Amino acid sequence: MFTGIVQELGTVDSVEGSDGGAHLRIAARLASEMQPGDSVAVNGACLTATSADAAGFEADVMHQTLSLTTLGALEQGHAVNLELPLRPTDRLGGHLVQGHVDGSAAVTELVPDGFAKRLAAELPEELLPYVVERGSIALDGVSLTVAALDHAVVAVSLIPETLERTTLGRVEAGTRLNVECDVLARYVRRQVSAEAGLSPFRREDAEPRSNPI
């Protein structure tokens, strides 16, 4: 579990593609806190470190992750947002982020908005039910608040701190971002659908309780 508060901008050292997937080597200071088997969010996608040392870490990326995320487009020298998992004693500065990317969105614009910038991106239609104005969304692993939602286009505001400390300050129109919707919205949507009889797991199909209430 993560919070969407990026801890470091890492740099892709190498990308090795194969029939089995891809293997990444990422240079990062936070790797000194990692051990093989530890989780780490890379641009919002939860990966497992296969090795780690003071200079960086390595991770394998399977086909499913490559198909759902933008990690397949990474090249040597690219910057990536990194975050280690939340510890029980940490502050929840963003929102609950699983590192389970739901899809990708294309940036439509990044324009000045006072001292901030306003980023707009077009979401896949299937993700729209899980996004609401003033709700939470993670873009490339960054916890953000939805400032506006116009049909399939979501807009967020980026403060100077976010622009400086994450990759979002470097995007342009056409850049694709990993999207993770708020997990709470998913559970609410599933429950509401079940109540309305829209789910394949309908209440009347469930086994009756031995002691009905």
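A salt bridge is a side-chain nitrogen of Lys or Arg within 4 Å of a carboxyl oxygen of Asp or Glu. The model is predicted, with local features needing pLDDT of at least 70 and side-chain atom pairs pLDDT 80 or more, while totals for chains, interfaces and linings use all residues. Residues are numbered from 1 along each chain as its sequence is written, and side-chain values use heavy atoms, leaving out hydrogens and water.

The whole structure has seven salt bridges, including these:

| Pair | N to O distance |
|---|---|
| Arg 25 and Asp 53 | 3.1 Å |
| Arg 25 and Glu 58 | 3.8 Å |
| Arg 186 and Asp 102 | 2.8 Å |

Salt bridges with shared partners join Arg 25, Asp 53 and Glu 58 into one network. Arg 25 is buried at 15%, whereas Asp 53 is partly exposed at 37%, as is Glu 58 at 23%.

Arg 186 has a relative accessibility of 31% and is partly exposed. Arg 186 also lies over the face of Tyr 130, 4.4 Å from the ring centre; for such a contact, NZ of Lys or CZ of Arg must be within 6 Å of the ring centre and within 35 degrees of the ring normal.

Met 1, Leu 92 and Leu 96 form a nonpolar surface patch with about 260 Å² of accessible area together. Patch residues have over 30% relative accessible area and no salt bridge, with like charges joined within 9 Å and nonpolar side chains (Val, Leu, Ile, Met, Phe, Trp, Tyr) within 5 Å. Accessible areas come from the Shrake-Rupley method with a 1.4 Å probe; for residues, only the protein chains shown count as cover. Leu 96 is partly exposed at 33%.

Note on methods
Buried means under 20% relative accessible area, exposed over 50%, partly exposed in between (1.4 Å probe, protein chains only).
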